[in-house]
Amino acid sequence: MAASDEPARPATEHRGWVSTRPFQLFLGLLTLTLVAAATAAPVVLVVIGSLQANLWHAVFIDSAINRAAIAYSFLLALRAPFAAIIGFLIAWLLIRVRIPGSRFIEFALWTTFFVPVLPVTLSWILLLSPTYGLLNQLAKTLPFVTSAPFNIYSVAGILWVQVLSSSIPVMVVVLAPAIRQLDSSFEEVARMCGAKPFTVFRLVTLPILAPAILTGALAGFIKSLETFEVERLLGQPVNIWVYSTRIYDLVSLEPPNFQAAMSLSTFIMFFLMLIAVAYQRISIRFDYATILGRGASSQPLRLGRSRYFISAALFLLVAVSLAFPLFMLAVGSCMKLFGFFTIPSPLSLGHWAEVLNDPLFAKALRNSLIVATGAGIGGVLIYAGIAQIVLRSSLPGRRIIDLLAWLPWSIPGILLGISMLWIILTVPALSAIFYGSLLSLILIIVIAQMPIGVHMIKTSIGQISRELEQSARVCGAGSFTTFVRIVLPLIRPMLVSIFVIVFISALRDISTIIFLASGDSQTLSLLMMQFALSSNLEGAAVIGVITTSIIVAVAFVARHFGLQVFGQR
Amino acid sequence: MLSRLTLVFAVLTLVAALTTSAGAQVADPAKWAEIQKAALIEGELNVTGPPSPPLRAALSAAFKARHGITLNYFGETTGAIMARIDSEFKAGKLSIDAHIGGMSTCWVFAARGQLLDMNGKLVDPELLKPGVWRLGAPKLNELSATGTGPNDPKCAFQFTEWVFTFLFENPSVIKTPITAWNDLLKPEFKDKIVSFDVRSSGPGETPVAYLGKVMGDAYTKTLYVGQNVKLSTDSRQLAEWVARGEYPLGIGLVPFAVEIYRKQGLPIAAVNVNDGFGGAPLTGGFGAVMLFKNTPHPNAAQVFANWIGTKEAQEIYETNMMETSLRTDVNTGAAVPDYVRVNPNVKYAVDDYVYSYYIGERSAHINALKQELPR
């Protein structure tokens, strides 16, 4: 970073973030090296691992399941662009339109994203199983219904659970900050010129926020290729295979077939990198600065009675996507047998006692909080630094850094984890610092969440007009001071969102950290996995309730703190 | 002449079999005391094993109380454990001292040269008292095809042996008793059977191998493909499907998942088929301990390997894992369901934990069916 006491130069000389040539070169190379080491090294290991004679033939030509898995993965991932549009509309309504209960609804959608997906899926099975699903049983009592109308074990079932529990909520989480940063005076000017609301939305709001929507949709698309639990529970029994469940199968073999998993990943990785390059080409065409030096307006739109209908529809969405799963999670943790209400004395606190008395619980809780907080804070700072370099500097290699930042999502978490294990074990200095410690878990989470962190923060920084930074420089602030005093406060809502997302990911992650956690650095998520693997779903639900409570509390505090700077928009 | 040769051969075989069980284990109180002393200095050890929180908690507490050594137990999936140990071993930084798991895992570790020979590792005099073990002595399994003689290298100390009853039914749905394997081929059971996925490592493989041996590979093809058996890798989901009657027949269900429902009075019951082969194979489940080479706490690991065979540890293990101990003095009663207990009046023709069977015939039957399933 440049020193904060760097002398002021005329704004015209400061197109880039850092301007001293040798220092710029050094900083560029250093950043490139660090980002490459963190992101490309594990991916290169995966590619090398996939290069074996006849392996690709075996994985793709000989395996009908693998081919079907890739096809199903892309089919199911198509939910991401639709979810981005719906999520954007919801976020826009919540922030830019005066709707009753908007703050509650937005927070509820945040919370939806945090609820562990396993009990959510089990709850939907309980409702929509073709044999014993409660809704199907209810429907069959109707005179004109002869068979179960719903089947959760289907493509539609998978899409339903994923879209409600994850795809839409996450889009609201990542797009809301971008909408908050949008100066409403743009829209007001358009309205004053006679444009109708829809025209304003189509011609002003949408184009300005297109980069954020595009980034969110792309991130959602890539991430949805990796989702796993829902597809395994709902898809596998009806032979719906996806890329992630195939990877799980291959690494679950005894011994694990990492080579085949790596071949499958490499194929997907090349495809995703093509998308990333295309995205980069498209995104540099946008000029979408919305935070200008003249102050911002944030007057929400006023609707007539339709605001009550919109509010009711959103409350219904919250009820279906959050209230029901939360209820099932809480009740499930207090049941002798998850989902069985008809057994004698179905409720019991025995599973709570079992979990809370587990000697590992306190240590796992402490470890989880350390890892989540460390990764959240460290990640946000690192991502913001990288995003600023990519967007605001003329450093050599910044475009490559931009692409490299997508890499961690190009391979599944479990392969990223095993690759990092190999790297840490092989390099003595890394081994001494990281192996077996919580630092290794923080490191891998920061790397794993780099794509969403860097690229969403980039969209926020891109919304800041350069004139603000140039003004700071004219007033004598150095690059670092400008970044810390001007840029970071202006993108605070996005930083808070990213902090919460990374925090949650750290708290929930299993596959990425499993190879790096030692007996001493086990986390709540790994403890939850142990309960789930030993078929104790109720114990896993108890940890799910505890994890969700922590996340909701942290999200509440973080949002409150993060939004203060902008007032309550 | 021929009959005399046969008799001599039979006697030699019997002697070999008996000595296999006995292995090269000799009680050595002085050595045992020395190892315990060194282990106490090491102070701790790292053990991987089945992901069972109650087992972890109980073993750690009891071992600490008995020997004053901290047991760091790390439960993961077997695949993850194998990957971690292999990576650490190759880097020369093994952190795991011992592993509790099945013989398939043991033979993979052994093939990679990562295990110590278990011969001579059991020195606690208590373990080697007469009458303690059902087989006459602690059971040490062969390392590979090298041999089963007393001085041949040994892979693991197997401390459990139980009957893998793999077929379960929902008696409220299945009204006509299933008495023969061919009953499963009846048209009314098409689309009504679930199984642990045979294409994945786990409890789906053993039934296929057993049925392949007893009924032939054509039978398993007709059953799994013809009856359109639904496959899953989630043991709890499989047991729930049967208990709810969604699929009234389940193959490859494991006791710890079945008992969750059975203990609550839900309709799920083991099916016993009298086929002349015992009705089900014998297995050791997760009940074997193996020691790694070049570990950070070799003495503590050896103390643990001896301690896990004690009555105290076996009661903990049997209670939590529902796998019956090979010790004669361990009986946890209702903690273990009857259908896993070895019936002394039944001759079990198939033992999953015999190397030659596991590598040869068992694999052949499983692969024969895998060829017929989508890959």
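This is a predicted model: local features need pLDDT of at least 70, side-chain atom pairs count only at pLDDT 80 or more; totals for chains, interfaces and linings use all residues.

Analyst: In chain B, helix H9 (residues 255-262) is mostly covered, with six of its eight residues buried.

User: Which residues of H9(B) are buried?
Analyst: They are B:Pro255, B:Phe256, B:Ala257, B:Val258, B:Ile260 and B:Tyr261.

User: And what covers the buried residues of H9(B)?
Analyst: The cover includes strand S7 (167-169) and helix H8 (235-244) of chain B.

User: Changing topic, what does the domain assignment of chain B give?
Analyst: Domain 1 takes in 2-160 + 283-342, and domain 2 takes in 165-280 + 360-370. Taken over C-alpha atoms, the centres of these two domains of chain B are separated by 30 Å.

User: How many residues are in contact between domain 1 and domain 2 of chain B?
Analyst: Five residues of domain 1 are in contact with six residues of domain 2. On the domain 1 side, the residues that touch domain 2 are four nonpolar, one polar and no charged.

User: Now the two chains. How many residues of chain A are in contact with chain B?
Analyst: 44 residues of chain A are in contact with 44 residues of chain B.

User: Which elements of chain A give two or more residues to that side?
Analyst: Helix H3 (64-77), helix H12 (243-252), helix H18 (413-426), helix H25 (524-533) and helix H26 (537-564) of chain A do. The largest share of the side of chain A that touches chain B is from H18(A), with five residues.

User: And by class, what is on that side of chain A?
Analyst: The side of chain A that touches chain B has 23 nonpolar, 15 polar and six charged residues.

Methods:
Residues are numbered from 1 along each chain as its sequence is written. Chains are lettered from A and ligands numbered from 1 in the order in which they are written. Domain bounds come from an automatic or database domain assignment. Two residues are in contact if their C-beta atoms, placed from the backbone, lie within 7 Å. Ala, Val, Leu, Ile, Met, Phe, Trp, Tyr, Cys and Pro count as nonpolar, Asp, Glu, Lys and Arg as charged, and the others, Gly among them, as polar. Helices (H or I, at least four residues) and strands (E, at least two) are DSSP runs, numbered from the N terminus. A residue is buried if 20 or more other C-beta atoms lie within 10 Å of its own, exposed if 12 or fewer, and partly exposed in between; C-beta atoms are placed from the backbone.
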